[in-house]
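I opened this notebook to record what I looked up about helix packing and the nonpolar core. The entries below follow the order in which I checked each item.

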Amino acid sequence: MNKENLHIKHIFYYYFNSGIIWANGDSWKEMRRFALTNLRDFGMGKKACENKITEECDHLTEVLRKCKGKQFIISQPIHCAVSNIICSIVYGSRYEYNDPEFTSLIKRVNRHLALMMSPSIQEFRNLDADIRKHNLELFRRLEETLNPQMCRGFVDAFLVHKKNLEESGITNSHFHNENLLRSVTNIFSGGSETTVTTLKFGLLLMAKNPKIQNQVQEELSSVVGSRQVQMEDKKNLSFTNAVIHEIQRLANIAPMSLPHKTTKDITFQGHFIKKGTTVYPLMVSVLFDESEWERPHSFYPAHFLDKDRKFVKRDAFLPFSAGRRVCPGESLARMELFIFFTNLLQHFRFSPPPGVSEDERNQVQLHLIVDPLPHKL
């Protein structure tokens, strides 16, 4: 085996044996537990995080106002807004939307995710090396100004824990640089790309369904008025909440869930599956199940409304997967989707530019997630 192949093998060994998303066994358990605990400590799902998202909404709406109603590609500002929430939790700070370091990081992470489903091993390797270099530099800067008594974000907390273990004489723990690097990469890509893509689908669906957009805006005006939307408003915004859930269901951005392993021998739909077999759950099988949804292939918010037009949960709604490997950032994603979507609909009306056909608006690109092709609104 030549040096090139050895290097590629080295990258893939650590990529699929470190971090949270792809790892397995004791390392995965410890990294996931640490990530969940510390992400909550830094506000995930709490009022502090809601305030960060609300503040970021102000930056996002200011950027969109500058478009003055003209058609534009919404991907970039939404990417910046959502990624800033993750940056504040992971690194302890946000970036300006035109910061070259920030925009470069977003582009690399997006491309990295796209290459996960492609045969471009060389490009994947080069991009992975760039992401590694960028993060290691960020870690170095954070470590130089580290204050164990006042952690700014997830990276600080990891570095402090790692240092405490080393000072206690424990040098073979799972708290090493590779796990830090992969965990941060997983949190950043998993916590930004999925939410961004869902919001893009949501605004596209609003543009394609003006009557539903009207209903959302009428409900927001009636319940909230001109003040800032808050999470506590959710219980009184049944139709809007139903629309957001239906966007997630129909968008089906992760049709093939991450790999799992069977914990025992099982027979499923007549097929015997041995314990320890790697399986890929297909979320599309439940999100589009004709026995669960009245109109599985249509945008139909009434799926989540009862006869009194009140919001109702559905057992078949599983966009975040299920089980022990359910998305660790589910509470953050739910909060982001609700606050960003409602704030955008409070301030703007979205419509397709003239001359764009229905077929063009329906085109998607398939990577690890399903993403609408770049489009203007």
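This is a predicted model: local features need pLDDT of at least 70, side-chain atom pairs count only at pLDDT 80 or more; totals for chains, interfaces and linings use all residues.

**Entry 1: T240.** I looked up where T240 sits and found it in helix α10, which covers residues 238-251. Leaving aside neighbours within four places in sequence, I listed the contacts of T240 as V216, E219, L220, F341 and T342.

**Entry 2: the core and V243.** I turned next to the largest nonpolar core, which holds 94 residues, and noted that Y91, V155, V243, F340 and F341 touch the most other members. Helix α8, residues 177-208, supplies the largest share of this core, with 13 residues. For V243 I wrote down the residues it touches, not counting those up to four places away in sequence: M206, I212, V216, F299, P301 and F341.

**Entry 3: helix α7.** I checked the length of helix α7, residues 154-167, against expectation: at 1.5 Å a residue its 14 residues should span 20 Å, and the end C-alpha atoms are 20 Å apart, so the two agree. Its buried residues are F154, V155, D156, A157, F158, L159, V160, K162 and L165, and V155 is also one of the core residues that touch the most other members. Just after α7, I found that G169 takes a positive phi of about 90 degrees.

**Entry 4: α4 against α12.** How do the axes of helix α4 (residues 75-90) and helix α12 (residues 330-347) cross, and at what angle? They come within 11 Å and cross at roughly 140 degrees, which makes α4 oblique to α12. The crossing is right-handed. On the α4 side I recorded A81, V82, I85, I86 and I89, which meet L332, E336 and F340 of α12.

**Entry 5: α8 against α12.** For α8 and α12 I noted a packing angle of about 35 degrees, with the axes 10 Å apart, and again a right-handed crossing. From α8, the residues G191, T195, T198, L199, G202, L203 and M206 meet A333, E336, L337, F340, F341, L344 and L345 in α12. I marked E336 and F340 because they are listed in the contacts of α12 with α4 and in those with α8.

Methods. Residues are numbered from 1 along each chain as its sequence is written. Side-chain values use heavy atoms; hydrogens and water are left out. A nonpolar core is a set of buried Ala, Val, Leu, Ile, Met, Phe, Trp, Tyr and Cys residues joined through side-chain atoms within 4.5 Å. Buried means under 20% relative accessible area, exposed over 50%, partly exposed in between (1.4 Å probe, protein chains only). Helices (H or I, at least four residues) and strands (E, at least two) are DSSP runs, numbered from the N terminus. Contact means heavy atoms within 4.5 Å. The expected span of a helix is 1.5 Å times one less than its number of residues. Axes are lines fitted to C-alpha atoms, for helices over the stretch in contact, and angles run from 0 to 180 degrees between N-to-C directions. Angles under 35 degrees count as roughly parallel, over 145 as roughly antiparallel, 65 to 115 as roughly perpendicular and the rest as oblique. A crossing is left-handed if the near helix is turned anticlockwise from the far one by less than a right angle, and right-handed if clockwise.
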